[in-house]
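Let's take a quick tour of this structure. Have the sequence and the 3D view ready, and we'll go topic by topic.

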Amino acid sequence: MLKDITIGQFFPGKSPIHRMDSRVKLLLTVAFIVMLFLAKNMYSLGIGVIFTLVTYLISDIPFKMILKSLKPIMPILIFTSILNLLFIRTGDVYWEWKIIKITSDGVDTAVFMTVRIICLIVGSSLLTYTTSPIDLTDGLEKLLSPLKKIRVPVHELAMMMTIALRFIPTLIEETDKIMAAQKARGADMETGSIIKRAKALVPILIPLFVSSFRRAEELALAMECRCYHGGEGRTRLKQLKMHLVDLIAALYVAAFIAGVVLVNIYVKK
Amino acid sequence: MSVIKTEALTYVYGEGTPFRKVAVDNVDLEIEEGEFIGVIGHTGSGKSTLIQHFNGLLKPTSGSIYIDGEKLWEDKARLRAIRFKVGLVFQYPEYQLFEETCYKDIAFGPKNMGLSEEEIDKRVRETAKLFGISDAMLEKSPFELSGGQKRRVAIAGVMAMEPKVLILDEPASGLDPKGRSKILGLIREYHREKKNTVMLVSHSMEDVAKHCSRILVMNSAKIFCYDTPVNVFGRASELESMGLAVPQITRVFNRLKALGHDLGDEVYTVGYGKELLLNSLRKKQGGEP
């Protein structure tokens, strides 16, 4: 039921991508996004597609996960393709009916945009598939630490994110339990009008809120008992370190970006 | 006719994923009406999964369940009606309280059943009285009560639906000894009064031995045995190999027997044990004045 929702689901593994430093992975993901937006034509975008596929192969993540990560953005994909098809009116006309005109440019742009969005989502979900949430927030904290100079509470934000991520499965489990308990008392959540269904959520949300607050209080107390006082002077059990694999990864991404730029310049339609 | 019957009931968690786990494995079970059943088993032995099948919260991977002769999952629309027949009280039920007052919370189940106002009122007051909830408590917010009181209100919320079968998953966990025996005593009182079937999932052999007429032992997703306490606790060594223990008092008497003081075999409650001990003491004193 609720457990099927994947929020940045992490697949433990030993691939080179799993072994990379999370900071480097974050930066390279940004570089990857830049790469996709640098691509100006189908050929250079093709390089982006090849990059995405090859990286997936290296990462050992099952291919069906690609489909899974695409499922939630299907509406966006369909919406953008339809818009592009309908509103780009230049190029050769393929088909015309009243005010609707499908043109070659429209088809090209629709395909181009769709492929770009697919690559964007598939490629960047690789980051969360191969990095544990803790590593991810650690990396983020380190990357953002220069902002401390201008008094941005980087550590606190990262800690909040870590806690939030940590409690998502717990809350899902709790919601499942409360739902089962109220169903056992005959609560009906599946039928009736929208208003009736919204009202049926009350018996679930109230206990959930109550227990979340209780949990938050207990957690705060437990953290204080262990002398937590913010990021000041805090050291880490796991130090982030860069290895050879990170350097290779950086070069690998750089090579593909160079490829995209070169194809942009030399291969024209 | 048996009130609950299962045929080759199997439930698998996470089918098709690496986390696949058989939680209930090919279980055949028949439960007669009016019994007070204790369900025991190690953590992860499948007790909780099994009981969630009885009121249609979980759909079996294979096999079938009959409640009162009616097959579950044949007609999905009947599921709600079945849930009113089989009341299920989860572990830590106080976390599901949500209404402004205890009265309203207890009335939530009966209201869902579509009963009339008077009937709801009657049931709420009756259950509250039976379960030691005062009128003053009924008007309070459930969040003002103590842990044990909250627990009682939550259990009363299910009881007020007057289910044919009442299933309680560790109703006494996390309470102090006093609250524990109070809750269990009240549940027994309810059973005596209503003559309904009650199923009590518990970790405590003492509790099960004290209250139940029959005991269902689960071990690694299967039923190890379903029998009277005498027969179940007679298999002490097998129970121990499963990581379960017989009641402490039984262990004491088994040890005494091993030491050469055979005072009787079927000692499962402290009260009975005390009687036996006193009897034998008296005999001894009478024998050598």
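How many residues of chain B are in contact with chain A? The tally is 18 residues of chain B against 16 residues of chain A, where contact means that two C-beta atoms, placed from the backbone, lie within 7 Å. Keep in mind that this is a predicted model: local features need pLDDT of at least 70, side-chain atom pairs count only at pLDDT 80 or more, and totals for chains, interfaces and linings use all residues. Residues are numbered from 1 along each chain as its sequence is written, while chains are lettered from A and ligands numbered from 1 in the order in which they are written.

**Where the chains touch**
- On the side of chain B that touches chain A, helix 2 (79–85), helix 3 (102–112) and helix 6 (147–159) of chain B each supply at least two residues; helices (H or I, at least four residues) and strands (E, at least two) are DSSP runs, numbered from the N terminus.
- That side of chain B splits into 11 nonpolar, five polar and two charged residues. Here Ala, Val, Leu, Ile, Met, Phe, Trp, Tyr, Cys and Pro count as nonpolar, Asp, Glu, Lys and Arg as charged, and the others, Gly among them, as polar.

**Chain B as a whole**
- Chain B has 12 helices and 10 strands.
- A compact globule of 289 residues would have a radius of gyration near 19 Å, and the 21 Å of chain B agrees with that; the radius is taken over C-alpha atoms, and the rule is 2.2 Å times the number of residues to the power 0.38.
- Buried residues make up 40% of the 289 residues in chain B. A residue is buried if 20 or more other C-beta atoms lie within 10 Å of its own, exposed if 12 or fewer, and partly exposed in between, with C-beta atoms placed from the backbone.

**A look at strand 6 of chain B**
- Val86(B) and Leu88(B) point one way from strand 6 (residues 86–89) of chain B, Gly87(B) and Val89(B) point the other way, and all are buried.
- Strand 6 of chain B pairs in the parallel sense with strand 7 (residues 165–169) of chain B over four bridges; pairing takes at least two DSSP bridges.
- Opposite Val86(B) you'll find Val165(B) in strand 7 of chain B.

**Confidence in chain A**
- Chain A has a mean pLDDT of 86, with 96% of its residues at 70 or more; pLDDT is the predictor's confidence in each residue, from 0 to 100.
- Over residues 1–7 of chain A, pLDDT stays under 50.
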